[in-house]
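Keep the 3D view open as you read.

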Amino acid sequence: MKFYKHPQSIVESHNIGRNSRIWAFAHVLSNAVVGEECNICDHVFIENDVIIGNRVTIKCGVQVWDGVRIADDVFIGPNATFTNDLFPRSKKYPEEFSKTFVLEGASVGANATILAGVTIGKKAMVGAGAVVTKNVPPNAIVAGNPARIIGYVTTTMVVDNKQDKSFLQGEVRQSDIPGVEFLRLPVIPDMRGNLSYAEYGQFLPFIPKRFFLVYGVPSKEIRGEHAHKTLDQFLLCVNGSCTVMVDDGSCREEYILDSPGTALRIPPMVWGVQYKYSSDAILLVLASDVYSNEDYIRDYDEFLKAVGTR
């Protein structure tokens, strides 16, 4: 036998990959597909229209219903719950169950609930007990009910403005991501108020052709989630605060913009996300060119392919 089957398990499928292990009281129906080197723990139930990739771990007490697709290297924690029908009624079945995808390298924590039809992105992390009602972006960490993004995996917080007293006015810090710059702009205070500034050739790296303001964003929401092919951007939070995550496909960093004297430059071909908005946040974005829908890359896989890291 190419896989291990505990004598007290029921394995009806012949599509079980080499070196997979199926433990006691697990039940795998006849049309299910399980990849190689998987670990299917006690009391797991896998229905017919299910495809599970390679090196997947499914801990005890998980039911994987029709329509669920689990990619390679995924971890499913104990008693996590999948659903496949948003309007269930007894003895009534949809023509086709919603498809739910858990993509490569993602993890789902213990007792999390995944609603039908969502996609959990590559290497995303779902916290224990979270209730996932919307798609989870790649690399995002989500928690709560309903689940919200609370961070991104393997992300370095470069500077916490409130703690770093060495970050001086007029200083420009270069990121490990080429082209990303974090700037502490000059601030001139007097009895009439404060003034901060930047001009082309001095802190401002391009002549803006467009600006826009982002405000009134509920703190639970995220914005951005795209890269530009040619556009350069200069971001300032002129009121309140927000966090900006930048990603070049191999490195991720987060920056806090919490004053009109702090700015972030995001060059072309860097993935950007803004989140953790304070209720009073106003984000000003200066752009090097006018709006062009063709300049956007909105799909993270497409972005990784474009920067050559996929």
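Glu181 is a buried residue, with a relative accessibility of 15%. In this predicted model, Glu181 has a charged partner: Arg265 forms a salt bridge with it, and the closest N and O atoms are 3.9 Å apart. The two come from distant parts of the chain, with Arg265 in strand S34 (residues 262-266) and Glu181 in strand S24 (residues 181-184), 84 residues apart. Arg265 has a relative accessible area of 18%. Buried means under 20% here, so Arg265 counts as buried.

Another pair to look for is Asp247 and Arg252, whose side chains meet in a salt bridge with an N to O distance of 3.5 Å. Asp247 and Arg252 are both buried.

Are the partners always hidden like this, or can they be partly exposed? Turn to Arg55 for a case of the latter: Arg55 is partly exposed at 39% relative accessibility. Arg55 and Asp72 form a salt bridge whose closest N and O atoms lie 3.9 Å apart. Arg55 sits in the loop between strand S8 (51-52) and strand S9 (57-58), while Asp72 sits in the loop between strand S11 (68-70) and strand S12 (75-76), so their contact ties together parts that are 17 residues apart in sequence.

Salt bridges can also join into a network, as Asp49, Arg69, Glu96 and Lys99 do here. Counted over the model, there are eleven salt bridges. As a general point, side chains of opposite charge can pair when their charged atoms come close.

Now for the sheet. Five strands make up an open sheet with parallel pairing, and their order is S5-S8-S11-S14-S17.

S11 and strand S14 (residues 100-102) run parallel and are joined by three bridges. Within this pairing, Ile70 stands opposite Val102 in S14. In general, the strands of a sheet pair through backbone hydrogen bonds, in either a parallel or an antiparallel manner.

Notes:
Residues are numbered from 1 along each chain as its sequence is written. This is a predicted model: local features need pLDDT of at least 70, side-chain atom pairs count only at pLDDT 80 or more; totals for chains, interfaces and linings use all residues. Side-chain values use heavy atoms; hydrogens and water are left out. A salt bridge is a side-chain nitrogen of Lys or Arg within 4 Å of a carboxyl oxygen of Asp or Glu. Helices (H or I, at least four residues) and strands (E, at least two) are DSSP runs, numbered from the N terminus. Buried means under 20% relative accessible area, exposed over 50%, partly exposed in between (1.4 Å probe, protein chains only). Two strands pair if DSSP finds at least two bridges between them.
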